[in-house]
Amino acid sequence: MTANTEHPSLLDLPPLSAEHFAAVEDKIASLLRTRCDVVAMQGEALLPLEACIRSAAPRGSTALNVITGPYGETFGGWLRSCGAEVVTVTAPFSGAVAPEQIARALRENPEIGLVSLVHAEAATGNTNPVAEIGAVVREHGALLMLDAVASVGAEPLLTDAWGVDLCVIGGQKALAGPAGVSAVSVSARAWERIAANEQAPRRSYLSLLDWKERWLDGGRTALPHAPAQLEMLALEQAVDRVVAEGLDASIARHRAASAAVRAGARELPGLDPYVVRDQDAAPAATTLRAPAEGVDAREVVAAALKADARVPLQAAAGPLAAEVLRVNHYGQAAERTLVLDSVRALATGLHTLGVAGAESAQGRALDAADAAWGDTFAA
Ligand SMILES: *Cc1c(COP(=O)(O)O)cnc(C)c1O
């Protein structure tokens, strides 16, 4: 991109008012189907996630941490550094946690006061049944913290109905918006427990209580510091776009994209959906297992991008990088033509890497993907 110094559209903007900031929070609350307080945190989503844990996990308390991917592992580290006892429930990254696993852990450890859970994991492409888990956690009386960064806009997220006390979202996944701001909803129960925690961050960038005292309790009339204006405006646009389309329509598109890529991949030699069951597949990103023999997932991604540089493919991060690749369905990328182009690029990539049968499978894969896309809307 060339520098545009003559008409720099991102500069010289009027300040973002407190009223405007509050209006963006209200739009987020509506998207999250919550009547609880929503705080727009001025940093990437790891900020509210860490803020929630440091606020709601007192030293000596017990927390249940559910690990179904890399973010759950991160939460466990924060919980321990708060001095909490951590009970861990894990599920294979290629599946979902069963509500019965959570119920059993709560029965065996009645002192659990906080449950941390990831809704969907973009990195591993799986999603958890939060409605059922929320009911189990509510019955036990623990707080439920949910990382909904990779689910918001792509699948149902009913914060209040599901009993989620702390619901964290970001703009950079299915909303296809900014990564530099995020938001968290906080239930009244959660505020009570956070206020009672002497260790909860105060006068800190990680403090939820600061936002409560300096912003919410004052009726949201004066911002405590200069907001991340550009990011807030972008987040507002992202939410407005989902509302204009209709949340249900946005969800259906993301579902269709996931179903189509999974169906197409099943027809391609060597590729298979990484998440085993369709119901556990996150609509925001589809992960695929690369051919076991001699072909690295990163090579498949590179070859497919060489065939078509526009398709939203990337290799998985971390330890899965050699085995798993990812097709992202973020925002406008959850679109029929682009999804079919992704399947086509994968077939071409496999063919150039010498995978037998890839060329002849392309037509079948595209037909299967297209049929799955259509079926999602017909259902
Ligand atoms: C993407 C994502 C985040 C945000 O983290 P980044 O590493 O900055 O992308 C948080 N939680 C989950 C579950 C995510 O998928």
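Colleague: Which residues line the largest cavity?
Modeller: In this predicted model, the largest cavity is lined by Ala174, Leu175, Arg241, Val242, Glu245, Ser250, Arg253, His254, Gly331 and Gln332.

Colleague: And what volume does the largest cavity have?
Modeller: The volume of the largest cavity comes to about 50 Å³, and its lining divides by class into 3 nonpolar, 4 polar and 3 charged residues.

Colleague: Which helices supply at least two residues of that lining?
Modeller: Two elements do so, namely α8, which spans 229-245, and α9, each of them supplying at least two residues of the lining of the largest cavity.

Colleague: Why does the largest cavity lie between the domains?
Modeller: The largest cavity lies between domain 1 (18-244) and domain 2 (247-378) because both of these domains give residues to its lining.

Colleague: How many cavities of 30 Å³ or more are there?
Modeller: The count comes to 2 cavities of 30 Å³ or more, and the second largest cavity holds about 40 Å³ of space.

Colleague: What lines the second largest cavity?
Modeller: Its lining is made up of Leu31, Val152, Gly153, Glu155, Pro156, Leu157, Leu247 and Ile251, which by class gives 6 nonpolar, 1 polar and 1 charged residues.

Colleague: Switching to pockets, what is the volume of the largest pocket?
Modeller: The largest pocket has a volume of about 510 Å³, and 25 residues line it, with Thr127, Arg255, Asp278, Gln279 and Ala281 lying nearest its centre.

Colleague: Which elements give two or more residues to that lining?
Modeller: Those elements are α5, covering 130-140, and α9, covering 247-267, and of the elements α9 gives the most to the lining of the largest pocket, with 6 residues.

Colleague: How do the residues of that lining divide by class?
Modeller: The lining of the largest pocket divides into 11 nonpolar, 6 polar and 8 charged residues, and it draws at least three residues from each of domain 1 (18-244) and domain 2 (247-378).

Colleague: OK, and what about the second largest pocket, what is its volume?
Modeller: The second largest pocket has a volume of about 170 Å³, and it is lined by Pro70, Glu73, Phe93, Ala123, Thr124, Tyr274, Ala317, Gly318, Pro319 and Leu320.

Colleague: Which domains does its lining draw on?
Modeller: The lining of the second largest pocket draws at least three residues from each of domain 1 (18-244) and domain 2 (247-378), and by class it has 7 nonpolar, 2 polar and 1 charged residues.

Colleague: New topic, which residues are around the ligand?
Modeller: The residues around the ligand are Glu44, Leu46, Tyr71, Val118, Ala120, Ala122, Asp147, Val149, Ala150, Gln172 and Lys173, a shell that by class has 7 nonpolar, 1 polar and 3 charged residues.

Colleague: Which atom of the ligand lies 2.3 Å from glutamate 44?
Modeller: An oxygen atom of the ligand lies 2.3 Å from a polar side-chain atom of glutamate 44, whereas for aspartate 147 a polar side-chain atom lies 2.6 Å from a nitrogen atom of the ligand.

Colleague: And alanine 122, is the atom there backbone or side-chain?
Modeller: For alanine 122 the atom is a backbone N or O, and it lies 3.3 Å from an oxygen atom of the ligand.

Colleague: How much of the ligand's accessible area does the protein cover?
Modeller: On its own the ligand has 380 Å² of accessible area, and the protein covers 81% of this.

How values were computed:
Residues numbered from 1 in each chain as written. Predicted model: local features only at pLDDT ≥ 70, side-chain atom pairs only at ≥ 80, totals over all residues. Heavy atoms only, no water. 1 Å grid on protein atoms, 1.4 Å probe; cavity = no way out; pocket = protein on both sides within 12 Å on 5 of 7 lines; lining within 4 Å. Points joined across faces, edges and corners; volume = space filled by probe spheres on them. Helix = DSSP H or I, 4+ residues; strand = E, 2+ residues; numbered from the N terminus. Nonpolar A, V, L, I, M, F, W, Y, C, P; charged D, E, K, R; others polar. Domains from an automatic or database assignment. Near = heavy atom within 4 Å. Polar contact = N/O pair within 3.5 Å; in protein donor to acceptor, adjacent residues only side chain to side chain. Areas by Shrake-Rupley, 256 points an atom, 1.4 Å probe, with all protein chains shown as cover.
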